[in-house]
Every structure is written in C-alpha cells, then in structure tokens.
Amino acid sequence: MTFQVWGRRREASHDLAWVPDAEGGRGTAMRRRTPATKDPTAVERANLLNMAKLSIKGLIESALSFGRTLDSDYPPLQQFFVVMEHCLKHGLKVRKSFLSHNKTIWGPLELVEKLYPEAEEIGASVRDLPGLKTPLGRARAWLRLALMQKKMADYLRCLIIQRDLLSEFYEYHALMMEEEGAVIVGLLVGLNVIDANLCVKGEDLDSQVGVIDFSMYLKNEEDIGNKERNVQIAAILDQKNYVEELNRQLNSTVSSLHSRVDSLEKSNTKLIEELAIAKNNIIKLQEENHQLRSENKLILMKTQQHLEVTKVDVETELQTYKHSRQGLDEMYNEARRQLRDESQLRQDVENELAVQVSMKHEIELAMKLLEKDIHEKQDTLIGLRQQLEEVKAINIETYQKLQGSEDGLKEKNEIIARLEEKTSKITAAMKQLEQRLQQAEKAQMEIEDEDKKYLQEYQSKFDSLQKQISQKEKQLAQLETDLKIEKEWRQTLREDLQKEKDTVSHLRNETQQIITLKKEFLNLQDENQRLKKIYHKQEQALQELGNKLSESKLKIEYMKEANKALQGLVWLKDKEATHCKLCEKEFSLSKRKHHCRNCGEIFCNACSDNELPLPSSPKPVRVCDSCHALLIQRCSSNLP
C-alpha cells in the first residue's frame, strides 16, 4: 500500500512508501523493501497497524466532535469497518474445495462463541438475519453488532489469546498471530466511548467492496482551512448548546416552580378543608360538652339527694342496731356468767366426788391388805397349832421315855417348861392378834358406815346437781333460741347493710363515671386547645407559604427577565478580543483575558473580579463590574 506524499518530489532512484503516523500527520517515508532488506509481511502488518491507529483515532475524535449517536452512513465509521476487515483478512488461510477457493473471516469470528459465552447472542442474531447469504456478509454484520455492544475489544482479545486455535485459520505470519494484533485490540478499547446505532437488517453487506479511502487521513491546506472552519462552527455550536441548555434549565426551574405552586395551592385548599372540618368538629364537641355538663349536673344533684337519704336511713338503722346489740350483749354476758358459775360449781362437785372415790379406793386397798394380813396370821396360827400338836406328841413320847429314865425326864421337863413358855408367848401373841383383828373389823365396820353416809350425801348432792344442770340446760336452750333469733336478726341486718353497700358502691361507680366524664371533658378541652393551636400554626404556615409563593413568583419573573436578557447574548471568542471592554487596556501576559458568565464579553481581571450566583449555575461565577451592578440593582428592586 503506497501513496504519493504532498509537497515533495518523488525520488527517481528509489520508490518510497509513506506511512502515516498515529497523530494523522504525513508520517515517515519508508523505502520500498527489496528482497534482501525487509520481510513484506512485516511491512504489511506495520501498514495495517498504522492504518488501524489512524482510523480508530479519527473515528473517536470525529464522533466526540459530532456529539451525537453514529449511524451507518457516517464515513469515518465505514472506513473503520473496511480497515478492520483488511486486518482480519491478513494472513488468512485459503480453504480449498472442489469448486472454488474460499477465503473468509467468518470462521475465526464464529470461534468466539465457544471461547466467550456472551458472544452466542451475536452469533445467533447474525445467523437469523434474512438478507445475509455469504460468510463475509455475516462477518461484517458481526463487527457492527459487536461495536454497538461495546465489546469488540473483549471478543477479539479472547480470540488472539488462543493462538493454537487461530492457527487453523491464519498463517504463522498473519497480523492476528503477531504482536500487532494485540496492539490493535488494545486500541479498540477506546471505541467504548462511542455510541452507535447501526441498522444491519436492511443493509446489503454481501456485495460491499472494502476499499480504504486514504484521502481522509492525508492533510493539505484546504483541510487545515476546513478544520479551522469546523472549529469555528464547533465554537458556535457550543455557544448555541450552552444557551439552549441554559434555556432548558430555566424552563425546568420555571416548570418545577409552577408544579410547586400548584402543589402548595392544593395543599392550601386541603388545609382549608381540614380547618373547616376541624372547626365543625370543635363546634360539635362544644355542644356535646354543654350537654354532658348539664347531664353531669343533674346526675350530681340526684346522687347527692340519694346519698343524703341513704345516709339518714343508714344512721337510724345503725342506732337501732347498736341499741339492740347492747341489750343482747348484756343478756348474753349474764347468761354466760351464770353458765360459768354453774360449770365451776359442777367442776368442784366432780373434784370432791373424785377425791371421795379415791379415798374409797384407798380404804378398799387397806381392807384388802388387812384381809391379807389376817389370812397370813391365820396361816401362822394353823402352823403354831400344828407345832403344838407336834409338841404334844413329842411330850407324850418324852413322858413315855421319862418313865424310862429320870435324867431324861428332867431334861424333858426343862424342855416342856421351855415349850410351855413358848406356848404361853404364842397364846399371848394369838390373843393380841385376835384383839387386833377385832379392832380391824370394828374399824372396817365404822369405815363402811361412813362410806354409806358419804355415799348417801353424795347421792343427794348429785341429784341436786343434776336438777340444777337440767335447769341450766333449759336456760341454755332458751339462750340458744334467743341467740338464733339474734343471729337471724343480725343476718337480716347484714343483708340490709350489704344492700346499702351495693347502693353505695353503685353510687361510687356513678361518681367514678362522673369523674371519668369530667376527665373526658377536660381531654376534650385539651383537644380543643390543641386543635386551636394547630389551626393557628396552619394559618402561620399558610402565611409563610404565601410569602414564599410571592418570593418564588418574583424569582420566576427575575429568571424570565434574565433569560430574555441572555437570549441576545453571544459568547465572545478569545481571538476577537484584544482590549478590555471597560478599561480599554490591551491584553498581555500579565493582563489576562476573562469571560463574563452573564454577558459573554471578555474583560481584564480588575474589571471582572466579582462573583455572583446566576440562574444557570447555583454556584458563584465570575461576572464583570457592569453586570454585577445591574444584577445587584435588580435583586434590590425585586425584594419586598
């Protein structure tokens, strides 16, 4: 790819090829390669790389200066697709068949679907397009869809990484197999700032001829003049866009203020309706309050009268109850005292009876002891009599023996004398025992007589006590009947008292209800006061809203006037201004130029060192002295 360089002569001895640089200039002259100096495939790769750089840079700059969404008829975009097609075709292997030789770029692009799953949507949509019949047309549609998705760089980066898969489609010296392919993929990332809207469906992509137009990338004097003219047109368009944006902002602020005014009017009407409803509620509550007060007074009068009547009845019944209870208490105390005396007397008699019974038991024990002693003495007498009989028998034997010997007789006489003494002593003891027995029998007879007398006395006393007890029991039965009557009377009194307590509790409940009604009345009064305060606050808010509405209307008028004043202003260029408009001094390096953001004229630093917030920008910006004085005067005149 060689072309002629403007402003230079062609050398006769050498055939030079000029390659444009990345900035769009004329570039550097390259000598045509001879077979001994350079590889032609490397030169082709370098040329394609430089063309891709120029195409991508020119597309980005023209798209940004164009300022709108690009379509299919935009020339830099068409040249970009032609350059990309040449880059993808470089070093492509020829697939031979029986009918023809096929050389297409659709094969490697179709491989992207397997490596990048998100690219399946593009492949499916390209296959579904009805007007595409050739693989080259599908590849061109694929490139356009990838640019619209802003993912062309991602897809091709994923493709060039897999060199082993690309070797099926490209030669080893192809652009996509070398470093130039990675550089082009890196440059494609800058295309993500471009918005393109391309119609692929109705475009004939099969029969297009991909020829690079080098005139778009070569510069001459006419191009430089056109560029300056384009710069001027761009400045005018910028001013126009600035004024349109300012007008749009003012219109939006006016519309927002109108909407706020409408919303405030609606809220004002709602507040007025709510205030009317609140006033009606207050009037109803006041009427209900008066009714409740009158009913409360009537209930209080009735309850006071009823309480007075019940108090009098309760006092009389309490007095009668106290008198009757005092008499019954006296009777009950007297009967209780008599019962206590009789029970004490009965207790004494029972104690005496118990003492006599114990004495009788002691006498019976003594009689048993005496009988036992008498039986023992009788046993001793029987034993002595037996001994006496034995002595008599011995005396008879001794007397018979005494006859046999005198010595023995003497001894026996002595023994007999001793025995006689013993018998005399025993007889004397027997007499004494008989006397004691007679005395004990006499004492027993006397004790039995005394016991009979005591028993007769105790029997008489017991009969008299039984009579007294029966009388007391009768008195007790009478007292129990009296007590039952008193209990029944007390029960009736308790029932009456319970009824009175119920009436008192009912009256207390009524008084509690009256107190609750009073509290409700006080709460209603508090609610009334609160509603009045809310009413006053709402009136104050309405007044403040009216003031704010008047201020906003004044601001709207001021903005309208500012918009009218700004409609005829033009943003002055730096090249046109050589002197300050106010002080008319010439600009220099020390005296720099400054634009006034209000009128658009250029002034020096001394004449434009003021800052004020304008309707177009809420922040303070630089304005000239005359605009500053004019705006201050307008603000002071608009203030109420």
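Helix H3, residues 106–115, is mostly covered in this predicted model, with 7 of its 10 residues buried. The largest nonpolar core has 60 residues, and H3 is among the elements that give two or more residues to this core. Aromatic pairs come to a count of 3.

**Helix H3 and its cover**

- The buried residues of H3 are Trp 106, Gly 107, Pro 108, Leu 109, Leu 111, Val 112 and Glu 113.
- Helix H2 (75–89), helix H4 (120–128) and helix H5 (135–149) are included in what covers these buried residues.
- Helix H6 (152–161) and helix H7 (163–166) are also included in that cover.

**Nonpolar cores**

- Within the largest nonpolar core, of 60 residues, those with the most contacts are Leu 77, Phe 80, Trp 142, Met 152, Tyr 170, Leu 188 and Leu 191.
- Two or more residues of this core come from each of helix H1 (40–66), H2, H3, H4, H5, H6 and helix H8 (179–188).
- The element that gives the most to this core is H1, with 9 residues.
- When its neighbours within four places in sequence are left aside, Leu 191 is in contact with Ile 56, Leu 59, Ile 60, Phe 80 and Leu 147.
- Another core, of 16 residues, lies apart from the largest one; among its members are Cys 596, Ile 602, Leu 614 and Cys 624.

- Arg 144 places its charged end over the ring of Phe 81, 4.3 Å from the ring centre.

- Trp 142 and Tyr 155 form a tilted aromatic pair, at 5.7 Å centre to centre and with 45° between the planes.
- Because Trp 142 lies in helix H5 and Tyr 155 in helix H6, the pair ties together parts that are 13 residues apart in sequence.
- Trp 142 counts as buried, at 0% relative accessibility.
- Tyr 155 likewise counts as buried, at 0% relative accessibility.
- One aromatic cluster is formed by Tyr 116, Trp 142 and Tyr 155.

How values were computed:
Residues numbered from 1 in each chain as written. Predicted model: local features only at pLDDT ≥ 70, side-chain atom pairs only at ≥ 80, totals over all residues. Heavy atoms only, no water. Buried < 20%, exposed > 50% of the residue type's maximum accessible area, 1.4 Å probe, protein only. Helix = DSSP H or I, 4+ residues; strand = E, 2+ residues; numbered from the N terminus. Contact = heavy atoms within 4.5 Å. Core = buried A, V, L, I, M, F, W, Y, C linked by side-chain atoms within 4.5 Å. Phe/Tyr/Trp six-rings, centres within 6.5 Å; stacked < 30°, edge-to-face > 60°. Lys NZ or Arg CZ within 6 Å of the ring centre and 35° of its normal.
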